[in-house]
Structure formats: C-alpha cells, structure tokens
Amino acid sequence: MASSTTERSHWTPRLWRWHRWLAWLVALQVAAWVVGGLLFAWLPFQAWVKSADSVSKPSATLPARWSEALGRAQLPDAPVLSVANVATARGPAWQVRHPQGPDTWLSASGAPLVPPDEAAVAAFAQSLYRGAGRLAAVERLAEPPRRLGIVRETGARADLWVARFDDSLATRLYVDARSGQFVAARNEAWVLYDFFWRLHVMDYSDGEDFNNPLLRAAALAAVALVTTGAVLLVLSLRRRRRRSAAAAG
C-alpha cells in the first residue's frame, strides 16, 4: 500500500508539469478555435461574408445568331474542352477552354476579346453592385496585398482590376484584367472570417487543408491536455477522500 502511494506521489508532479506545458502549448490555439467558432456562428454569412446583400452575380444571355459567330471564330489549333457564355466587363463573351494551355476568350461576335479598361471595369462593377455605397476607386493590381498577414482575397490569382465601394463593409469587386470576368466580391467581414478560418484549420497558405500536420498536432495536444487534467482530478479526489477518512478516524 505504501509503495503504491509513493508511486502516485512521484507521478503527480510529473503530470502537473506535463499539464502546464500542454496548457501553454494549446492555450492560444484553443482561444482561436473558440473565438473563431463564435465569429462563424454570429457573423451573417450570406448577407455579409458572401456579399449577397450588396452584390448580384453576373449573368449573360446568348446573343442572337451565336452559333454563326462561333463558327466564324478563329480558334487555336488545339482540342476544345468546353465553351461557356460569360458576362464580362466587355459584355457577353465566349470562354473556350482547352485541355492544355490558357483559355481562349472571344467577344459575342467571335472576334478576339479586348481586355477591359478602367471605364469598362467601373461600369461593370456598378452594374453588379446594389449596396448603399458609391464607387470610390478603380485600380489595377499586379497582385492583391495580403490582409492581416495571412489572408489573400483572391487566392493565387493575380493581374486584376479592383473596384472599391465606400459602404460600411468596404466592398471590393475583383475583375480579371485579361478577360474582364468577375472574379470575387470581398469586404472586411470576409477578411475577418477568412482570417479566423485559417487560424481554425491551421492552414496559413490556402486555408483548405483540414488534414495538415499542425492541426493534427494541436488536436493531439488538446486531447493530452484534457487527459492529464482528468487524471489529476481523479488523483486529487482520491487524496481528498483519504484525508477525510484519516480525519474521521
């Protein structure tokens, strides 16, 4: 009996040290998980994060005699994967995808699509925007800057036009500089959401890897923290029970 008591007394300080170190290791990440969970639950996702209240998705209708226009088009000597009718800053256009190489962009008439200029992007953005703000600026970006250190508003896409609106969420519409295709609607709610999402899944590059080593390690550390805490609780209750029995005797 004495040996088992002595063995427990040797293990208890070790468990306390492990528990404290695990607590330091996982405290910040657990805080990020909790704060992120609260944010995800309370922030209006579709209305704010997805800009559904302020931006309408572009739509394009098939132009008259579209098949004839496509028949006259001068396409590269390459296999065609798909053809799509897309709304762009230059009006309805054809996006011709190939199994390899870049897409071919054609105007509705079948001619090569002219890249949009600032005026075309401004008009296109205003046609999509239905919020309470006004168009504040239009600029071309070689690469959108990172926000909050780890947030990339358009992922790996570069060479874009951005139209900025002066509403309460600072809505931004991104348009491809080559094709004039609408890329994404972003605002400050989206940046905050994406920032905590990356912290939540611990993927600081693309924010899409749910099985990365950092997340696995943090999850295991959190389980170890809970386990050592439970063991220490059991040991503490046993010690208290023994003291109570000794006092009663």
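**Pockets and overall form of a predicted chain**

By class, 8 nonpolar, 3 polar and 3 charged residues make up the lining of the second largest pocket, where Ala, Val, Leu, Ile, Met, Phe, Trp, Tyr, Cys and Pro count as nonpolar, Asp, Glu, Lys and Arg as charged, and the others, Gly among them, as polar. The model is predicted, with local features needing pLDDT of at least 70 and side-chain atom pairs counting only at pLDDT 80 or more, whereas totals for chains, interfaces and linings use all residues. Residues are numbered from 1 along each chain as its sequence is written, and side-chain values use heavy atoms, with hydrogens and water left out.

**Second largest pocket**

- This pocket holds about 280 Å³ of space; a pocket is an open set of points on a 1 Å grid over the protein atoms alone where a 1.4 Å probe fits, with protein on both sides within 12 Å along at least five of seven lines, and lining residues have an atom within 4 Å of a point.
- Grid points are joined across faces, edges and corners, and a volume is the space filled by probe spheres set on the points.
- Of the 14 residues that line the second largest pocket, Lys50, Ser51, Lys57, Phe182 and Ala185 lie nearest its centre.
- Helix H2 and strand E7 (182–186) each supply at least two residues of this lining, and E7 gives the most, with 5 residues; helices (H or I, at least four residues) and strands (E, at least two) are DSSP runs numbered from the N terminus.

**Largest pocket**

- The largest pocket contains about 340 Å³ of space, and among its 18 lining residues the closest to its centre are Trp190, Asp194, Asp206, Gly207 and Glu208.
- Helix H2 (45–49) and helix H5 (188–201) are the elements that give two or more residues to the lining of the largest pocket, with H5 giving the most, at 5 residues.
- The lining of the largest pocket divides into 6 nonpolar, 4 polar and 8 charged residues.

**The chain as a whole**

- The chain has 6 helices and 7 strands, and its elements run α-α-α-β-β-β-α-β-β-β-β-α-α from the N terminus on.
- The radius of gyration of the chain, taken over C-alpha atoms, is 29 Å, whereas a compact globule of 249 residues would have one near 18 Å by the rule of 2.2 Å times the number of residues to the power 0.38.
- Along the principal axes, the C-alpha atoms of the chain fill a box of roughly 100 × 45 × 30 Å.
- Of the 249 residues, 37% count as buried, that is, under 20% relative accessible area with a 1.4 Å probe and protein chains only.

Terms used. Buried < 20%, exposed > 50% of the residue type's maximum accessible area, 1.4 Å probe, protein only.
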